[in-house]
Amino acid sequence: MSDLDFSDNGIETGDVAFIVTVTGDGETWRYTNCDTELMDAQSNAYLAVPMKIGTLSSDGDMGGGEVDVTLPRTVSVASRFLPQTDRTIYNLQIRRALHVGGVITDTRIAFTGVIKMAAASGDEGESLVLKCSTDRYKLERNASRRRYQHSCPHVLYGSQCRALRELSALPARIEPILSAGRFHVVITFEPDDPDNPTVRGMDLFSDWETLKGLTFSFKGAEYQATRIERRLLLNFGVQVRADTASSLIAALISSSSNERFCTVHPNCDHTLNACQKMHRNAANFGGMPFIPFKNPVGTSFVG
C-alpha cells in the first residue's frame, strides 16, 4: 500500500487531497478539493468542488475541537441546511487521501465530528459554511451544570434542541428598496410594547453570528438573508439570494402596503443568551431540560 508522509509534505507517489464525507438521515454526501473526481476502493465517488477547510493540527487536537468546512452553495447537501435546517444531526469526517489516476490508494483521518451549525457566506450567499465540533470536544466541556455550559451542540429546531419555531418568530414589516442598481428590502420589527420600542433579543442583533443565518417568510415563501445592514434601532436592510430576489420582488409589487408583513426567524449562535432571549428555550439549553437553574441541595445549615 502507498504510504503517506506528512512530515515534510512529501509523498512517495501520487498526490494528496482532502476528502469530506457527510452522513445523516440514511444518506451520504462525498466531496473532495482535488481537481478531478476521486473514487475509493468501494467505488464511492467524491465530487470535485472548490472547498476550504479550516486549520487542522497535526497532533489531532483540532484547534479546540472545532473546524469550519466551506463548500459551494450548489452542492446537494446544502438543501439540508438552507434556507431552513433539517431536523437531523449530521456527522462529518475529513480525511487526507493519497490518489493516483483518480483512484484513492490510501487515507488518513484528519477530523471526525458533528455539524453543529450551518450558514450562508459571501455577498450573494454563494457559499455554505459548516461549523463542526468533535465528540471529544463536547465531552471535555467543563461540567454539565447549565451555568458552566458555554455552548449547545444541537441543531436549531432539531429533536434534541426542542425549540419551537413559532416561539422564535418575530413579526415585522417589509418594504422594497432599490439603490445603486441593487435590490434589497427593509425589515422593520414590530416593538413588543408601543411605549417601549424594543424587540425581544434586540441586544443580540449586533452579533453577526445571530443575524447572518436568519430567514423570513412572506406570502407563503421562505427567504434567506445573505447580507444585513443595520439602519435604525428596529430597522435593517436585507439582501436575499439572487435566485430568489425576483420572486420576492414580484410578491412585494403585487401586495399593498397593508399586506407587507413578514415573519422573521432568527438563527442561533448556540449560546444560552440566544437560547433564552431569541428562542425562549433556556429550559432545554443543550438538550438537557432537567438541569436545574438553582442548586437543588441548598446551602443553609439547620442545627
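Analyst: Start with burial: buried means under 20% relative accessible area, exposed means over 50%, and partly exposed lies in between (1.4 Å probe, protein chains only). By that rule, Lys 131 is buried, with a relative accessible area of 19%.

This is a predicted model, where local features need pLDDT of at least 70, side-chain atom pairs count only at pLDDT 80 or more, and totals for chains, interfaces and linings use all residues. Residues are numbered from 1 along each chain as its sequence is written, and side-chain values use heavy atoms, with hydrogens and water left out.

A salt bridge puts a side-chain nitrogen of Lys or Arg within 4 Å of a carboxyl oxygen of Asp or Glu. The structure holds seven. Helices (H or I, at least four residues) and strands (E, at least two) are DSSP runs, numbered from the N terminus.

Lys 131 bridges to Asp 68 at 3.1 Å, N to O. Lys 131 is in strand β9 (residues 127-133) and Asp 68 in strand β6, 63 residues apart. Asp 68 is partly exposed, at 31%.

Glu 66 and Lys 116 also form a salt bridge (2.3 Å, N to O). Glu 66 lies in strand β6 (residues 66-72) and Lys 116 in strand β8 (residues 103-121), so the pair ties together parts 50 residues apart in sequence. Glu 66 is partly exposed at 32%; Lys 116 is buried at 11%.

Glu 175 meets Arg 260 at 2.9 Å, N to O. Salt bridges that share partners join Arg 173, Glu 175 and Arg 260 into one network.
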